[in-house]
Structure formats: structure tokens, C-alpha cells
Amino acid sequence: MFGIFGPRLARQMERFRARYTGRSLIVHQGFPGDWLEELLKQPGGGGHFRIDSRRLPAGQRPTPVEWLVQTHILPLDLPQPLFLDIREDVVLARHLVRGEHVVHPSEIAWFLEELDERHHARLEFVGNEDMRAEVGIPVEDNEALSMLEHLGL
């Protein structure tokens with residue numbers, strides 16, 4: 001990106017990557033029932049950052065994570081909640097919805113086991129201020145295959 005916004009975009013990306021690389025983020029629009037409580041009971045469940053996409057600022061300068069979600073994640077139009085694994089060079093995204101319902105938080109561990117091969121989107125960091133998105137598995141496909149294999153189903 002050129003022009004006056006280039007340095008600001010590069011700074012937002014730099015700040016986001018410095019804070020979130022190696023971490024996970026759940027983008028949501030609220031959680032049903034006791035889903036969040038169940039998430040916090042899971043091993044490592046409290047370690048996932050969470051951001052409510054309904055409360056993203058409009059008309060004011062967003063934080064780096066708000067900027068990334070608004071600019072690169074929401075345009076993917078994936079169901080929410082959406083699990084993001086932020087890595088050095090890429091962000092892997094997998095939604096947490098099966099059919100019409102949010103999966104149980106315990107399934108996140110199974111999704112993590114297969115995330116390299118089974119993600120709904122892969123966003124590669126390009127330069128200092130942009131990301132390139134690639135489509136992964138179909139949106140309708142959200143079975144935890146590693147769980148089913150483990151159970152012998």
C-alpha cells in the first residue's frame with residue numbers, strides 16, 4: 001500500500017504480530033448459554049484471546065487486533081465463533097459451528113490437532129501491511145476428523 005496510509009497500516013500489522021504471534025484468538029458475536037464457562041474449563045481454554053465482533057469500533061481508530069479482524073477476518077464471511085491460530089507467517093482460521101449450533105469447546109483441541117490440513121481459511125502475511133487469503137475446507141465441513149478417528153468411528 002502506498003500513500004499516507006502505508007506507514008499506519010504497516011504499524012498496525014507490526015503491532016498485531018508482535019502481540020499475537022504464537023497465540024490464539026476467538027472472534028465471536030456472543031456465546032450461547034454456558035459456552036464460555038465450558039471453554040474456561042478446558043485445558044488451555046482460558047488462554048484463547050476473545051474479541052466480540054459486534055463491539056468493533058466504527059469511526060474511531062481501532063486497536064491492532066480490531067483492525068485485523070475488521071480488515072482481514074470479517075470479509076471472509078465465515079460463521080462465528082471463529083478460531084484463529086496466529087503463527088509467524090500465517091493465520092489459520094476454523095469456524096466453531098456445525099450445522100446450526102456452536103460445537104462444544106472441548107472440540108477445539110481436536111481442531112487444533114488437524115488445523116494444518118483442515119482449516120477454513122489460511123491468511124498469509126504479505127509484506128508489512130497486507131494478507132493474502134486462501135480458502136481451505138468447505139464451510140459446511142466442520143467435523144473433527146481426528147476425534148472421530150480416535151474414537152474409531
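Q: Two strands pair if DSSP finds at least two bridges between them; in this predicted model, which residue of the hairpin of β7 and β8 takes a positive phi?
A: Strand β7 covers residues 121-126, and 6 bridges join it to strand β8, residues 130-135, the two running antiparallel. The hairpin has 3 residues between its strands, and the one with a positive phi, near 65 degrees, is Gly 127.

Q: Which residue of β7 is the bridge partner of Val 90?
A: Strand β4, residues 90-95, is joined to β7 by 4 bridges, and these strands run antiparallel. For Val 90, the bridge partner in β7 is Glu 124.

Q: Which residues form the covered face of β7?
A: In a regular strand the side chains alternate between the two faces of the sheet. In β7 the uncovered face holds Arg 122, Glu 124 and Val 126, whereas the covered face holds Ala 121, Leu 123 and Phe 125.

Q: Is Glu 107 buried or exposed?
A: Glu 107 lies in helix α4, residues 107-114, and its side chain makes a polar contact of 2.5 Å with that of Arg 98. Because buried means under 20% relative accessible area, and the value for Glu 107 is 9%, this residue is buried.

Q: Over which residues is the pLDDT below 50?
A: The protein chain has a mean pLDDT of 89, with 90% of its residues at 70 or more. One stretch, which has 3 contacts in the model beyond near neighbours in sequence, has a pLDDT below 50, namely residues 1-5.

How values were computed. Residues numbered from 1 in each chain as written. Predicted model: local features only at pLDDT ≥ 70, side-chain atom pairs only at ≥ 80, totals over all residues. Heavy atoms only, no water. Buried < 20%, exposed > 50% of the residue type's maximum accessible area, 1.4 Å probe, protein only. Pairing = 2+ DSSP bridges. Polar contact = N/O pair within 3.5 Å; in protein donor to acceptor, adjacent residues only side chain to side chain. pLDDT = per-residue confidence, 0-100. Contact = heavy atoms within 4.5 Å.
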